[in-house]
Amino acid sequence: MTRCGDADPGYGRGGAVISDGRLLRGHLGRAGHLGHITVNYTGPGDIVGTPGSLEDAVGNATVALRTQGRYQNTRELLEAAQGGDEVAREAWDSSMRALTAGMVSLMNAFDPQDFILGGGIAAGAWELVMAGIQPHLDVFEWRPTGESVRIVQAKLGEWAGAYGAARSACLGGGVRLER
């Protein structure tokens, strides 16, 4: 069984890939930075240099930029979109489209049984997140057998990343700094 996870569409993209019960760490220990995949190759580099990253397309840090300064964070954006503000609705839909594009890219790369979404926005507005991504999933997701990847809500909510980091530290799974 393989699972892919992505943090909420609010504060940043974390993530993990667990395959056959084992966490994928990668050669340099940087596996799991799922937010630093490209969803727009012509976009500017993000904090690690990735052009047009998922992080920048949906993250909390770029809400003001994506809304021409009207909203400062994802919660404000979501509240305004629910209230009918057209700029907010367009920005929210664009975020959900980018999130879905990133998700299906990971689905195609890893063929997971489950795709787990977590974080503050996913925990607090699960129905809105699912309503935002489902129409795009129906268009973007490759379903060669007719089956969809199951999208599930993280049980640890916005604390999933903290628990994972703590567990990794306890097990001695740090990042190698030397080459």
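Residues are numbered from 1 along each chain as its sequence is written, and side-chain values use heavy atoms, with hydrogens and water left out. Because the model is predicted, local features need pLDDT of at least 70 and side-chain atom pairs count only at pLDDT 80 or more, whereas totals for chains, interfaces and linings use all residues.

Helices α4 (residues 86–110) and α6 (residues 126–140) pack with their axes 8 Å apart and at an angle of about 55 degrees; helices (H or I, at least four residues) and strands (E, at least two) are DSSP runs numbered from the N terminus. The axes are lines fitted to C-alpha atoms, for helices over the stretch in contact, and the angles run from 0 to 180 degrees between N-to-C directions. The two helices, α4 and α6, are therefore oblique to each other, given that angles under 35 degrees count as roughly parallel, over 145 as roughly antiparallel, 65 to 115 as roughly perpendicular and the rest as oblique. The contact (heavy atoms within 4.5 Å) involves, among others, W92, M96, M103 and M107 of α4 together with L128, I133, H136 and F140 of α6.

The largest nonpolar core holds 32 residues, of which W92, M103, M107, F115, L117, I133 and I151 touch the most other members. Such a core is a set of buried Ala, Val, Leu, Ile, Met, Phe, Trp, Tyr and Cys residues joined through side-chain atoms within 4.5 Å, where buried means under 20% relative accessible area, exposed over 50% and partly exposed in between (1.4 Å probe, protein chains only). At least two residues of this core come from each of α1 (54–58), α3, α4, β4 (114–117), α5 (120–124) and α6, and α4 gives the most, with 10 residues. In soluble globular proteins, nonpolar side chains tend to be buried together.

Among the loop residues, D20 lies between β2 (15–19) and β3 (22–23) and has a phi near 50 degrees, a positive value in a residue other than glycine; D20 counts as exposed because its relative accessibility is 63%. In the loop between α2 (63–66) and α3 (74–82), Q68 likewise has a positive phi, near 55 degrees, and is a residue other than glycine, and Q68 is exposed, with a relative accessible area of 63%. T62, found in the loop between α1 and α2, counts as buried at 12% relative accessibility. Residues up to four places away in sequence not being counted, T62 touches E55 and D56.
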